[in-house]
Amino acid sequence: MIVEIELTLVSIIQGVAFTFLIENARRVMSIKQIVFWPYVAAGLLVILVFWSRSVLHIITLIRWPLEFGHNFLYIACALFEALLFARLRDPQGWFVFGAIYSAIGWALFAYDLRLLRAREQDSPGVASNHLYALVTRDQLRNVRILLPAVVCLNVACAVCIHVRPEFFLAHNAHVWLGIGQLLVFSIYLLYVVRFFAQLAPLIVEARREWREHAGE
């Protein structure tokens, strides 16, 4: 039941965010505004990353009872995701809201460490132990390195545009910042997909252990 609630919530909020992206992307889909296209692609990757990470958390961490704090952070992420997509034609605003959105995602990863510790304590077998060892390593990597790096990247880009607007805005040099961000998001999405492929066999074995433990 809890998994179904989580999947429904994630699907709804990402559907709303996707609607905002489509609406704002429609306004820049012309050759004259090609410098904003990398931001559209980056926005799509933001949705894919959020959805894939959320599903990964749901199938590995989420069980009864329902965690309100975890879901409230999901909703906060969706709010700033929509605000981010509304800034497709405002590079400085894009990176400012990108930093805020990434900071909330960072808080979500930190909060989910509580769920991870709870799952480790009720782990019923070898496969579950191995699964949570890998998930813990990934969670800490995100909290300590990856998410702080994304926040710093967005802040640095926003500061660069603020300090040198004549270069980054008047001459459209901000497009290189957008392309750099797009590359970072692409690498991170590839990391998430490969991580899921690594976890998939363990998730099957761990769920078998959970069912057997519940049957006892």
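Asp138 forms a salt bridge with Arg53, and their closest N and O atoms are 2.6 Å apart. A salt bridge here is a side-chain nitrogen of Lys or Arg within 4 Å of a carboxyl oxygen of Asp or Glu. The pair links distant parts of the chain, with Asp138 in helix H5 and Arg53 in helix H2, 85 residues apart. Helices (H or I, at least four residues) and strands (E, at least two) are DSSP runs, numbered from the N terminus.

This is a predicted model, in which local features need pLDDT of at least 70 and side-chain atom pairs count only at pLDDT 80 or more, while totals for chains, interfaces and linings use all residues. Residues are numbered from 1 along each chain as its sequence is written, and side-chain values use heavy atoms, with hydrogens and water left out.

Is Arg53 buried or exposed? Arg53 counts as buried because its relative accessibility is 5%. Buried means under 20% relative accessible area, exposed means over 50%, and partly exposed lies in between (1.4 Å probe, protein chains only). Asp138 is buried as well.

Not counting residues up to four places away in sequence, Arg53 touches Phe109, Asp138, Asn142, Tyr188, Tyr191, Val192 and Phe195. Contact means heavy atoms within 4.5 Å.

## Other salt bridges

How many salt bridges does a search of the whole structure find? The search finds five. One of them joins Arg164 to Glu166, with the closest N and O atoms 2.7 Å apart. Arg164 is partly exposed, with a relative accessible area of 40%, and Glu166 is partly exposed at 41%.

The side chains of Glu205 and Arg208 also meet in a salt bridge, at 2.8 Å from N to O. These two residues are three apart in helix H7, so about one helical turn separates Glu205 from Arg208. Glu205 has a relative accessible area of 34% and is partly exposed; Arg208 is partly exposed too, with a relative accessible area of 34%.

## Helices H1 and H3

Two packed helices are described by the angle between their axes and the distance between the axes. The axes of helix H1 (residues 2-25) and helix H3 (residues 68-85) come within 8 Å and cross at roughly 10°. H1 is therefore roughly parallel to H3. Axes are lines fitted to C-alpha atoms, for helices over the stretch in contact, and angles run from 0 to 180 degrees between N-to-C directions. Angles under 35 degrees count as roughly parallel, over 145 as roughly antiparallel, 65 to 115 as roughly perpendicular and the rest as oblique.

Residues of H1 including Leu9, Ile13 and Phe20 meet residues of H3, among them Tyr74, Ile75 and Phe85.

## The nonpolar core

The largest nonpolar core has 61 residues, of which Phe85, Leu88, Trp94, Phe95, Leu131 and Leu199 touch the most other members. Such a core is a set of buried Ala, Val, Leu, Ile, Met, Phe, Trp, Tyr and Cys residues joined through side-chain atoms within 4.5 Å. Two or more residues each come from H1, H2 (37-60), H3, H4 (91-121), H5 (126-163) and H7 (174-215). H7 gives the largest share, 12 residues.

Leaving aside neighbours within four places in sequence, Leu131 is in contact with Thr60, Leu199, Leu202, Ile203, Ala206 and Trp210.
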